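Colleague: I would like to learn how to read a helix and a pocket from coordinates. Could we work through one example?

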Amino acid sequence: MRISSQVRIQTSIQYITRRFSQEAKDWLLSKGYNEEISSSIISVLKQSGINPTTSSLSNFGESGIKALADSIQHKKAKDEKPKVSVTVEYPREGISNQIDIREGDTLHDASSDEEILSKHIEWACGGNAACSTCHVIVDDDHYNKFSPPEDDELDMLDYAWGACNTSRLGCQLVFSEKCKGTTLTIPDQANNMF
């Protein structure tokens with residue numbers, strides 16, 4: 001009998017949660033968000049531990065909901081970009097791995113998805129070409145397939161440890177389809193001026 005009561009309570013909670021979620025979704029639809037974005041907002045809130053109700057949505061305010069919707073659309077657009085496979089070598093550890101980088105992204109952008117990059121590259125300036133901690137060496141065959149470095153990047157490469165003719169800053173290296181098959185070598189050390 002006790003289990004039956006617990007099951008009924010749990011079933012009631014699930015029903016109420018679904019009802020509140022549907023009401024919240026309907027509220028988003030009434031505000032002009034499409035079905036996909038409305039469902040995604042509800043899903044993100046649930047994953048964040050927030051019970052999606054019309055009240056919790058209104059607490060975010062229109063600008064907060066718009067920012068969340070914009071973020072979801074940006075992530076969706078980013079996820080749909082084609083990817084370029086490159087090899088990254090870490091000579092200090094004697095390892096290499098293949099990573100996929102979205103076209104139009106930099107190595108810095110890819111580091112949020114690739115834990116091993118974050119482990120080996122410091123990104124001291126946050127990807128703003130204001131240091132040389134993301135110095136990488138591009139293989140000779142692919143160096144000219146990237147856009148040429150700008151003056152601020154060349155200035156920072158003057159401070160890079162072990163810089164050579166095919167050195168680049170990973171935060172400025174924008175990948176495209178023609179960069180497929182590139183091999184990047186992460187130097188053994190980095191000069192951090194911060």
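This is a predicted model: local features need pLDDT of at least 70, side-chain atom pairs count only at pLDDT 80 or more; totals for chains, interfaces and linings use all residues.

Colleague: What span does helix α2 reach from its first C-alpha to its last?

Modeller: The expected span is 1.5 Å times one less than the number of residues. Helix α2 covers residues 35-47, 13 residues, and reaches 18 Å, close to the 18 Å expected.

Colleague: Which residues of α2 are buried?

Modeller: Buried means under 20% relative accessible area. In α2 that applies to I37, S38, I41, I42 and L45. Viewed down the axis of α2, the buried residues fall within an arc of 140 degrees, so they line one face of the helix.

Colleague: Which residue caps the N-terminal end of α2?

Modeller: N34 does, with a side-chain oxygen 3.1 Å from the backbone nitrogen of E36. Just after α2, G49 has a positive phi of about 85 degrees.

Colleague: Which residues line the largest pocket?

Modeller: Lining residues have an atom within 4 Å of a pocket point. Here they are E36, S40, S43, V44, Q47, L68, S71, I72, K75, K76 and D79.

Colleague: How many residues of the lining are nonpolar, polar and charged?

Modeller: Three are nonpolar, four polar and four charged.

Conventions. Residues are numbered from 1 along each chain as its sequence is written. Side-chain values use heavy atoms; hydrogens and water are left out. Helices (H or I, at least four residues) and strands (E, at least two) are DSSP runs, numbered from the N terminus. Buried means under 20% relative accessible area, exposed over 50%, partly exposed in between (1.4 Å probe, protein chains only). The arc is that of the directions from the helix axis to the C-beta atoms. A polar contact is a pair of N or O atoms within 3.5 Å; within protein, one must be able to donate a hydrogen and the other to accept it, and residues adjacent in sequence count only if both atoms are side-chain atoms. On a 1 Å grid over the protein atoms alone, a cavity is a set of points where a 1.4 Å probe fits but cannot get out, and a pocket is an open set with protein on both sides within 12 Å along at least five of seven lines; lining residues have an atom within 4 Å of a point. Ala, Val, Leu, Ile, Met, Phe, Trp, Tyr, Cys and Pro count as nonpolar, Asp, Glu, Lys and Arg as charged, and the others, Gly among them, as polar.
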